Protein chains: 2
Amino acid sequence: MTATNPQVNLRGPIDLLISGGLVLTLNDRKDIFPDGAVAVAGDRIIAVGPTRGLMETFPARRLLDASSCLVMPGLINLHNHAAMACFRGLADDLPLETWFHGHIFPAEARHVNEENVYWGTLLAAAEMIRSGTTTFCDGYFCEDGAARAVVAGGMRAVCAQGVIDFPAPGVQDPGRNLEVAEEFVRRWRGHSSRLTPSIFGHSAYTCSPQTLKQAKALCLEHRVPFQIHVSETKGEVEEVVRRYGRRPVAHLGDLGLLDSATLCHHAVWVDEGEIDLLARSGAGVSHNPESNMKLASGVAPLPRMLARGVKVGLGTDGCASNNDLDLLREMDMAAKLHKVHAGDPALCTAVQITIMATRGGAAALGMSDDLGSLEPGKKADLIIIDLNQPHLVPLYEPCSHLVYTARGADVRDVIVDGRIVMRNREVLTIDLEQAMAEVRRIARSIRP
Amino acid sequence: MTATNPQVNLRGPIDLLISGGLVLTLNDRKDIFPDGAVAVAGDRIIAVGPTRGLMETFPARRLLDASSCLVMPGLINLHNHAAMACFRGLADDLPLETWFHGHIFPAEARHVNEENVYWGTLLAAAEMIRSGTTTFCDGYFCEDGAARAVVAGGMRAVCAQGVIDFPAPGVQDPGRNLEVAEEFVRRWRGHSSRLTPSIFGHSAYTCSPQTLKQAKALCLEHRVPFQIHVSETKGEVEEVVRRYGRRPVAHLGDLGLLDSATLCHHAVWVDEGEIDLLARSGAGVSHNPESNMKLASGVAPLPRMLARGVKVGLGTDGCASNNDLDLLREMDMAAKLHKVHAGDPALCTAVQITIMATRGGAAALGMSDDLGSLEPGKKADLIIIDLNQPHLVPLYEPCSHLVYTARGADVRDVIVDGRIVMRNREVLTIDLEQAMAEVRRIARSIRP
């Protein structure tokens, strides 16, 4: 059952061997190795299998004992505005209009700049690493700050510069929004193997068809992903229908925006025809149940999207509407929400939800060759969860534990791109005290 | 602003002073002391106020530094079958009938005995302590095992022996169910100030009117709480209507079961008249959103119950239908579920939910004089949450953090009855390795 990449050069010791864990590969066969190991050379996995065999085959410079632990692919957070960590808890339990126009929008207008985005994203990265996320997909303004934080913090990310037809932080003249976005993409493309730049057209109700088409054209030209918020609220759908006579997903289809390099965030209010269109186009969709619940946006038709083969991954959305970035918690919420919403306890199984938070996200990002499962040849992005805790005992089904019981704080070690970025819950790539102090300082300027 | 109990004997040092924390009293005025302290003598709080004043007034034998921490009343888990920790994750994502009759019921019939209930409850107690619960309300069979675990584990609990008109674990002859329950109450009444015995009439569809009336009569005689599952599923309501021509809450009212010493669990499918009846009777209600979601039972009318003044607290239900006992997670789920269900993001605020998980539970248990807030004269049941972590930065509103961001693993110290039962996340009252080993052993007998 050991899977090995035959193309790897096996002379000399490998870099890292994780051994003795319950290895959940999430490969096509859903192989589980009860006493399993993962061999890592450089930034890649070179073998996955029983510990005994791998220990003999692969002498390693570094051994990581994962006994009493679950070893699995790192989680993929498909939708985030990471820097909004600065606004965490600033304005909760409010009507949507008051929340946005009374609090979040003014705070963004006054306090979003590259420096604050850097610190907010760095703090968010620390939180994500500490809760088992290895890759996140981001979109915000002054995104250079986010990109710098990703490079510094050791995570993998898709970072998108936001485009909107209004004055925005860092882009006071909306006439320059595409130019700024293109500059961002040029600056960061090829900069780090962990960072993929992207452009985020805010939405069909805040960007003209022309802006969206040009943004997508730039993405195609530079071969980077295009992102957009789609059908998050009922009000948005009504507005787009009023303006363009088409529902949002159909409108995006008309504009030629939907293909496998486009990510649609939310897709809460989508009808059957739009689900079909999403599936046929190959576009990715992020499902963000906690944000949709907290803002009372609605319940996305996740079971139908999954059944039709839409490439759906899981996201947290930003901290202003969640308020945390713990994907394990998001998994629990997703599984339970859809069960009660449909009145069917067999819906959205723990296995389906686990796959959505890993392989699903990788597929939606077009990164399935590199991410989403523990297989030879893929990037060594993986997490180690400590199972030796009261709330994780007994263990009958690993995926049940992941979805219904485990939480971010159970993640012991995190490896991104073959590098250990958290060991025994200590984040090795980020000065936590400094990141917390800086974000507290920013918060004092937001609410003195 | 310092609140002190004048009746306390102030000669000599007090037992414990918790100082320097952000103290969330949850008293009537909702006082918050940003640099606050709590003074404890014996099992009681004797003063709450600013650190500076209390440090001078109350020399203490033991100081607990709570700087960078939030200090608040211990959480109250109003509905649990703690020993079902043994079945955690045994049977998930299944149709209700298969889940219960195919898995849980047979496992209970074969594996529930006093010894297993002891270990399951002890493990559950460890999990609850580690996630900030200081009091839980339990009901199961072979409940002597649970009572022993509560006494040993250092928590506060209401433990109810289950009554059902079928052969049950430990009570093969249902003709003896009331006798066994009364013996249980006699045995444990007055045994420990932390333990209140109780009788749990399983439900209106599994107990005859006669059984329920007799069980309630025994509770009144011994002055202990009576508990019952009510209107958890639509099917249950239909069955009760078919048999008795009345909806379940009305049926219980007819039988004279509803008063302030009765706890109704779930109350998902209750109509306006039943909500009124619950409010007028003074009966307590446990709201268990995660269990109701996972089993697709439905969404209880929590906002309406709260608006009508029903005494509602928060519960996790047993581990077979949740699958964890983390009330902070349950709080998050509750706040978000009702927002999206009603389409109103201003519903079920963080403050309301925090109160439900503390004062609400105390009121439902008839224990408001002793529990639910940090006030002089009340029991010293409190928890200390470490705020110096990336996901809890920045801090604008304490209750927002509690509900939307904090998790069980953020609880640093737990005090029950004036005694420190967890310090720096180490549970001092339970041998965790032993409890985990015993429950793993039980699990191997359940699924070899």
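## Helices α12 and α13 of chain A

In this predicted model, the axes of α12(A) and helix α13 (residues 350-364) of chain A approach within 10 Å and cross at roughly 135 degrees. Angles over 145 degrees would count as roughly antiparallel; α12(A) and α13(A) are therefore oblique to each other. The crossing of α12(A) and α13(A) is right-handed.

From α12(A), the residues Leu327(A), Met331(A), Ala334(A) and Ala335(A) take part in this contact, and they meet Ala350(A), Ile353(A), Thr354(A) and Ala357(A) of α13(A). By class, the contact of α12(A) with α13(A) comprises 7 nonpolar residues and 1 polar residue, with no charged residue.

## Helices α5 and α6 of chain A

The crossing of α5(A) and α6(A) is right-handed.

On the α5(A) side, the contact is made by Leu178(A), Ala181(A), Glu182(A) and Val185(A), while α6(A) supplies Thr211(A), Gln214(A), Ala215(A), Leu218(A) and His222(A). The residues of this contact divide into 5 nonpolar, 3 polar and 1 charged.

## Overall form and domains of chain A

Chain A contains 15 helices and 18 strands. Its radius of gyration is 21 Å, close to the 22 Å that the globule rule gives for 448 residues, so chain A is as compact as a globular protein of that length. The C-alpha trace of chain A spans about 65 × 45 × 45 Å along its principal axes.

Two domains are assigned in chain A: domain 1 (3-74 + 373-425) and domain 2 (75-364). Taken over C-alpha atoms, the centres of domain 1 and domain 2 of chain A are separated by 29 Å. Their contact takes 23 residues from domain 1 of chain A and 26 residues from domain 2 of chain A. On the domain 1 side, the elements that give two or more residues are α14 (398-404), β16 (411-416) and β17 (419-423) of chain A. Of these, α14(A) gives the most, with 5 residues. By class, the side of domain 1 of chain A that touches domain 2 of chain A has 13 nonpolar, 4 polar and 6 charged residues.

## Backbone features

Most residues other than glycine have a negative phi, and most peptide bonds are trans. Against that background, the peptide bond joining Asn322(A) and Asn323(A) is cis, with omega about 10 degrees. Asn323(A) is placed in the loop between β14 (311-314) and α12 (327-342) of chain A. In chain B, the peptide bond from Asn322(B) to Asn323(B) is cis, with omega near 10 degrees, and Asn323(B) lies in the loop between β14 (311-314) and α12 of chain B.

A further feature of the chain A backbone concerns Arg223(A), a residue other than glycine with a positive phi, near 50 degrees. Arg223(A) is found in the loop between α6 (209-222) and β11 (226-230) of chain A.

## Contact between chains A and B

The two chains meet through 58 residues of chain B and 59 residues of chain A. On the chain B side, the elements that give two or more residues are α2 (96-111), α3 (114-130), α10 (289-294), α12 (327-342), α14 (398-404) and α15 (432-446) of chain B. By class, the side of chain B that touches chain A has 30 nonpolar, 12 polar and 16 charged residues.

## Helices α3 and α4 of chain B

One of the elements on the chain B side of that contact, α3(B), also packs with a helix of its own chain. The axes of α3(B) and helix α4 (residues 143-153) of chain B come within 7 Å and cross at roughly 40 degrees. α3(B) and α4(B) are therefore oblique to each other, and their crossing is right-handed.

The residues of α3(B) in this contact are Glu114(B), Glu115(B), Val117(B), Tyr118(B), Thr121(B), Leu122(B) and Ala125(B). They meet Glu143(B), Asp144(B), Gly145(B), Ala146(B), Arg148(B), Ala149(B), Val150(B), Ala152(B) and Gly153(B) in α4(B). By class, the contact of α3(B) with α4(B) has 8 nonpolar, 3 polar and 5 charged residues.

Key. Residues numbered from 1 in each chain as written. Chains lettered and ligands numbered in written order. Predicted model: local features only at pLDDT ≥ 70, side-chain atom pairs only at ≥ 80, totals over all residues. Contact = placed C-beta atoms within 7 Å. Helix = DSSP H or I, 4+ residues; strand = E, 2+ residues; numbered from the N terminus. Nonpolar A, V, L, I, M, F, W, Y, C, P; charged D, E, K, R; others polar. Domains from an automatic or database assignment. Axes fitted to C-alpha atoms, helices over the stretch in contact; angles between N-to-C directions. Parallel < 35°, antiparallel > 145°, perpendicular 65-115°, else oblique. Left-handed = near helix turned anticlockwise from the far one by under 90°. Rg over C-alpha atoms; globule rule 2.2 N^0.38 Å.
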